[in-house]
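Trainee: I would like to go through this structure term by term. Please set each value against its definition.

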Amino acid sequence: MSNNHNQYTIALAGNPNTGKSTLFNLLTGLRQHTGNWTGKTVAHAEGFFDYKGQSYQITDLPGTYSLYSNSADEEVARDFIIFAKPDVTLVVLDATALERNLNLALQVLEMTSQVIVCVNLMDEAKKKGIQIDIHKLSQKLGVPVVPISARNEEGIDQLLDTIDQMVRGDIQTNPLQISYNRAIEEKIEKLVPFVKQVIGDHYPARWIALRLLDGDMSLLQSLQKEPRQFLKEVPHYACNCSTKSI
Amino acid sequence: MTQAKLERLSDAKPGERFRIIKIAIEGTMKRRLLDLGFVPGNEVLVLQKSPLGDPTAYRVSHTTIALRNEESSNIYGERMRNEQQS
Amino acid sequence: MRATAPLNPFEELMSRAQSLTDSDTREQIVSALFQTSQAICRESVHYTKQKKHDETEKLDRVLTSKIWGFPIMLAMLAIVIYITVAGANVPSSMLANFFNWLEGYIGLVFKQLHAPDWLYGILVLGLYRGTAWVVSVMLPPMAIFFPIFALLENYGYLPRVAFNMDRLFKKSGAHGKQSLTMAMGFGCNAAAIMSTRIIESPRERMLAILTNNFVPCNGRWPTLILLASLFMAAGYTGGWKTFVTAGVVVAMVLFGIIVTLTVSWILSKTALRGVPTHYTLELPPYRRPKIWDTIIRATLDKSVYVLKRAVAVAAPAGVLTWILANIHIGDTTILTYITDWLDPFARELGLDGYILMAFILGLPANEIVMPILLMGYLSTGALTEVDDLHSLKQIFLDHGWTWLTALNMMLFSLLHYPCGTTLINIYKETKSKKWTLLAFLIPTSIAIAVTFLTTHIVQWFDLL
């Protein structure tokens with residue numbers, strides 16, 4: 001992730017119904033319909049925007065509850081984060097259902113350290129009397145957390161600044177690693193050297209070991225494919241709408 | 001608490017709360033249920049049945065999820081009958 | 001290590017992992033995750049209000065209630081269609097007038113340039129009128145229907161429809177989320193085919209793909225609305241006319257749903273046997289959509305879409321139809337040869353050769369069926385000017401139409417094969433020629449059977 005990139009890449013991940021597409025539309029100005037149901041974003045949409053002289057390509061991943069390969073959608077999202085190695089992965093969380101939403105954020109943190117957590121629907125949470133200690137959350141997760149309300153276009157400047165700082169390398173993250181029980185940790189330890197041997201340092205070894213222990217066959221299949229080839233296969237709905245910069 | 005006292009989520013009535021103890025479903029569906037917050041130890045509020053009687057909507061982890069009888073009858077736990085929560 | 005043969009390193013890694021893992025591992029991993037997020041939430045989230053009654057839950061108690069759930073769904077459908085029917089007339093005729101006015105000037109330009117008649121015929125009477133027809137008839141209803149639909153969708157109502165309807169789909173062996181893919185079909189069947197990816201089980205997904213066509217898409221709405229208002233609501237005036245028209249269109253949609261459920265049920269008992277798979281459905285909170293934003297976005301999206309289709313498909317089809325109708329072999333045109341040949345079969349379905357030919361030539365897009373039909377009917381071989389609906393009806397009456405013809409055309413339109421784009425998408429998604437062919441044959445044979453029966457029953461009982 002060097003500075004001679006003329007374009008940075010951002011992946012947008014999150015549960016369904018978290019306002020992910022609203023944020024996507026807001027950032028890119030892409031004329032795209034936002035849906036309200038599970039898996040509405042069937043293939044992923046792509047858009048572009050500029051901020052502080054940098055141009056960004058942002059990919060809206062399918063809305064999923066998890067990345068543990070329960071469905072084709074989850075595989076697409078997982079493979080994108082692992083193989084396309086976006087410069088920033090934005091995880092959008094629903095402030096009114098943080099507990100369930102955090103599951104996905106934790107999974108992403110195991111895969112990459114270039115993560116910004118975006119707590120959306122802050123306005124609704126406030127209405128429902130839910131108070132979220134953003135600072136504490138950020139401390140716990142070890143990555144920047146930005147409260148926003150995509151609907152009301154609140155917090156977007158702060159989000160963009162955080163993205164800008166992250167791609168410039170001004171933010172050091174220390175993503176939370178979940179500690180599993182002893183038995184699992186021991187198994188991970190045993191497996192990690194072999195993972196490194198077979199797959200190399202290019203991918204997060206601990207995470208892959210964990211997925212293998214979980215019996216995730218589809219991941220190995222994806223790994224076995226030439227990653228570049230995979231990237232070509234991903235259906236793109238490219239729409240260059242870079243005219244609207246925020 | 002004895003095993004014999006386990007009840008099915010599908011038997012809980014709208015308005016009742018239910019504490020999950022065991023999920024007797026295997027594979028992907030179990031995964032999905034766990035992802036959605038149907039986790040042993042967690043509490044579920046039965047909201048209402050669909051007009052035709054099935055599926056039923058539950059509040060779990062501050063979200064509303066509908067399950068069919070096939071699934072909810074394999075989720076075991078204890079009913080908590082302090083109905084008037086409103 | 002047991003295996004001595006040089007294993008693929010990936011396989012070796014996999015078998016090593018498998019030897020370490022046991023059935024509990026999965027659950028332990030997930031519960032570790034869940035406990036971690038619970039712990040984080042305990043420290044960073046505070047609830048200040050005791051949850052009283054959630055707005056959403058209150059609304060759901062009505063919108064998905066035993067008594068009101070279905071009536072409200074039906075009412076919503078009826079209202080959306082009513083507004084579409086009532087609102088589309090005026091802008092439609094305004095657009096038509098505009099295109100007529102413009103055509104006058106284009107004609108003058110052609111005269112000035114001394115353009116040959118055949119060029120004027122192809123470009124103006126074929127291409128221009130074909131496009132103009134599609135735009136003025138298609139655009140207004142779509143520009144009304146989709147914003148309203150998008151509002152309902154963004155508000156969060158559609159998952160409730162899936163919740164209400166699930167039992168019916170389960171009974172017919174299909175997936176509850178099929179109602180969501182059907183809702184997509186109202187917009188465009190081709191897009192809906194892509195959206196069936198939300199159904200994970202291949203069997204149920206195939207059901208959703210094969211039956212999606214029974215939901216009228218934006219290329220067929222206007223045909224349904226037009227024929228309903230010309231023939232079914234002919235005896236009424238004013239508000240009643242709109243009301244009856246909307247009622248007939250709603251009945252068509254309901255009939256399409258019944259056919260969907262029936263076909264799903266038959267398929268799941270035969271070619272696609274199996275039990276319904278597991279399913280979970282989230283009912284997201286109702287959220288007031290950004291009203292103007294949604295309306296503007298949906299209108300623009302649809303307008304651009306309709307205009308693009310008009311140029312891409314209607315224009316060349318207009319040209320082709322004009323050529324067929326103007327090239328003579330002996331005394332008759334090619335078009336007449338075709339329609340004469342189709343006529344006997346079409347009569348059995350209560351249609352005529354022209355209608356059937358319009359459907360066949362309309363394979364690339366349903367939008368152009370009506371324009372092709374009108375073009376065929378006109379002796380000059382050019383598309384009619386859409387100046388008013390009465391002259392339109394007269395054209396139909398002159399060709400022997402009755403309400404039965406209109407009904408059969410509506411039924412055929414609702415039930416017949418999917419358009420070319422949809423078929424291509426079906427092939428892309430299923431990667432199977434067999435299923436693509438079935439996606440063509442099943443609806444087509446149903447369309448033929450239903451119109452055949454309707455015609456013969458009506459004739460038998462002498463209802464005409």
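Mentor: In chain A, four residues of domain 1 are in contact with four residues of domain 2. The model is predicted: local features need pLDDT of at least 70, side-chain atom pairs count only at pLDDT 80 or more, and totals for chains, interfaces and linings use all residues. Residues are numbered from 1 along each chain as its sequence is written, while chains are lettered from A and ligands numbered from 1 in the order in which they are written.

Trainee: What makes two residues count as in contact?

Mentor: Their C-beta atoms, placed from the backbone, lie within 7 Å. The domain bounds come from an automatic or database domain assignment; domain 1 of chain A is 7-176 + 227-233 and domain 2 is 182-215.

Trainee: Which residues of α10(C) and α11(C) make the contact?

Mentor: On α10(C) they include Leu224(C) and Met232(C), and on α11(C) they include Lys241(C) and Val244(C). By class, the contact has eight nonpolar, two polar and one charged residues. Ala, Val, Leu, Ile, Met, Phe, Trp, Tyr, Cys and Pro count as nonpolar, Asp, Glu, Lys and Arg as charged, and the others, Gly among them, as polar.

Trainee: How do you know that β6 of chain A pairs with β1(C)?

Mentor: Two strands pair if DSSP finds at least two bridges between them. Three bridges join β6 (residues 130-132) of chain A to β1(C), and the strands run antiparallel.

Trainee: What makes β2 of chain C an edge strand?

Mentor: The open sheet has seven strands in the order β1(B)-β6(B)-β2(B)-β3(B)-β4(B)-β5(B)-β2(C), with antiparallel pairing. An edge strand pairs on one side only, as do β2 (280-282) of chain C and β1 (7-8) of chain B. Three bridges link β5 (residues 63-67) of chain B with β2(C), and Ala66(B) has Leu281(C) as its bridge partner.

Notes: Helix = DSSP H or I, 4+ residues; strand = E, 2+ residues; numbered from the N terminus.
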